[in-house]
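Good morning, colleagues. I shall present one structure today, and I ask you to keep the sequence and the model in view while I speak.

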Amino acid sequence: MSRQASRLDAKKVNSEFLTLTYGALVTQMLRDFENVEDVNKQLERIGYNMGMRLIEDFLARTSSPRCLEMRETADRIQQAFRIYLNVQPTISNWSPASDEFSLLFDSNPLTEFVELPQDLTNLRYSAILSGCIRGALEMVQLEVQCWFVQDQLKGDNVTELRVKLVRRLEEAIPAGED
Amino acid sequence: MSEEIVFDCLHAEIVNYCLNNSKDQHDLATLEYIGFTTGYRLIERLTRDVTRFKDELETMKFICTDFWTLIYKKQVDNLRTNNHGMYVVQDKAFRFLTRISPGAKQLEQAPKFVAFTCGLVRGALSNLGINSTVTAEVQTIPACRFHIEVNRS
């Protein structure tokens with residue numbers, strides 16, 4: 001067992017492994033559900049569950065303080081994408097009230113090697129990302145909506161993910177302790 | 001490496017998805033199949049710049065060293081064979097089992113976390129021209145032993 005693994009680029013393989021595993025999961029779901037909307041929902045839910053766990057790791061790793069406004073939150077999300085998926089989305093298209101912004105991806109690691117067949121134009125292949133953002137932000141008391149505006153898989157030049165703040169969640173007081 | 005945690009989370013969710021979705025809680029076939037398709041595709045990327053393997057044993061060695069290191073961040077601890085198509089791969093600290101507390105109580109949960117890998121290895125071998133059956137055996141967490149049986153026809 002003297003072979004060296006250094007011939008293969010570990011970082012690249014890592015992300016390809018993730019991509020392929022995710023692809024296998026999506027394929028399986030398409031086989032399990034007849035309705036594409038159901039697949040979208042499942043992917044979103046899986047992302048939500050992952051986001052809830054990943055935020056713990058993110059906060060432990062970066063020890064970033066609480067964000068007081070959405071612009072800071074956007075920077076943190078950008079940082080998280082850099083750490084976890086090794087991509088750097090651009091933040092743009094702020095709404096005048098600063099409660100809504102877009103994340104622009106030149107490339108999306110999840111959709112490498114992926115092409116959507118004609119009959120699956122309703123599939124939101126990367127729905128796991130929006131679920132992740134929603135789940136993670138909910139753990140820091142931000143309820144957001146997150147959806148795709150543009151998608152490279154559907155022929156757009158960039159992938160655009162829109163994030164909108166719905167409300168700040170209040171710390172609920174346990175019954176009988178006020 | 002930071003992306004590891006993402007994969008660990010994804011793996012946990014896949015396990016969760018497959019078992020919640022099937023009627024039988026002990027049905028690991030879907031999980032194994034997801035692993036299979038992943039392994040099948042992955043090996044194509046991994047062996048692109050690798051010289052052709054001389055024989056079956058060399059292929060197995062590749063799985064145990066390079067393949068394992070890339071995915072599980074360590075080499076396997078032991079590889080044994082009877083030279084008749086049976087291979088036993090032992091990993092004393094299998095990545096997906098290291099976060100489970102060691103104890104007999106969790107032992108019955110272990111198959112869920114090794115099924116994906118069984119498929120992964122089977123898929124990888126399959127694309128390298130070896131038709132096989134892969135099973136796993138966990139006696140104490142986090143150690144795991146994979147039995148690879150080459151099907152000759």
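**Surface, fold and interface**

Chain A exposes about 9400 Å², and carbon and sulfur atoms supply 47% of this area; accessible areas come from the Shrake-Rupley method with a 1.4 Å probe, and for residues only the protein chains shown count as cover. This is a predicted model, in which local features need pLDDT of at least 70 and side-chain atom pairs count only at pLDDT 80 or more, while totals for chains, interfaces and linings use all residues. Residues are numbered from 1 along each chain as its sequence is written, chains are lettered from A and ligands numbered from 1 in the order in which they are written, and side-chain values use heavy atoms, with hydrogens and water left out.

Let me turn to the fold. Chain A has four helices and four strands, where helices (H or I, at least four residues) and strands (E, at least two) are DSSP runs numbered from the N terminus. Their order from the N terminus is α-α-α-β-β-α-β-β. Along the principal axes, the C-alpha atoms of chain A fill a box of roughly 60 × 45 × 35 Å. Of the 178 residues in chain A, 51% are buried; buried means under 20% relative accessible area, exposed over 50%, and partly exposed in between (1.4 Å probe, protein chains only).

How much area do chain A and chain B bury between them? The value is about 3700 Å², with 69% of it on carbon and sulfur atoms; buried area is the accessible area (1.4 Å probe) that two parts lose on being put together, summed over both. The contact, meaning heavy atoms within 4.5 Å, takes 38 residues from chain A and 36 residues from chain B.

The rule finds two salt bridges across this interface, each a side-chain nitrogen of Lys or Arg within 4 Å of a carboxyl oxygen of Asp or Glu. In one salt bridge, Arg53(A) meets Glu13(B) at 3.1 Å, N to O. Helix 1 (10-32), helix 2 (36-62) and helix 3 (70-85) of chain A each supply at least two residues of the side that touches chain B. Helix 1 of chain A gives the largest share, 18 residues.

Next, a residue in helix 2 of chain A: Asp57(A). Is Asp57(A) buried or exposed? Asp57(A) is buried, because its relative accessible area is 18%. Its side chain makes polar contacts with the side chains of Arg61(A), at 2.7 Å, and Tyr84(A), at 2.5 Å. A polar contact is a pair of N or O atoms within 3.5 Å; within protein, one must be able to donate a hydrogen and the other to accept it, and residues adjacent in sequence count only if both atoms are side-chain atoms. Leaving aside residues up to four places away in sequence, Asp57(A) touches Tyr84(A) and Ile5(B).

Finally, the backbone. Most residues other than glycine have a negative phi, and most peptide bonds are trans. Asn86(A), however, has a positive phi near 60°; this residue is in the loop between helix 3 and strand 1 (90-92) of chain A. Asn93(A) also has a positive phi, of about 50°, and lies in the loop between strand 1 and strand 2 (100-105) of chain A. In chain B, the peptide bond from Ile141(B) to Pro142(B) is cis, with omega near 5°. Pro142(B) is in the loop between strand 3 (132-137) and strand 4 (144-150) of chain B.
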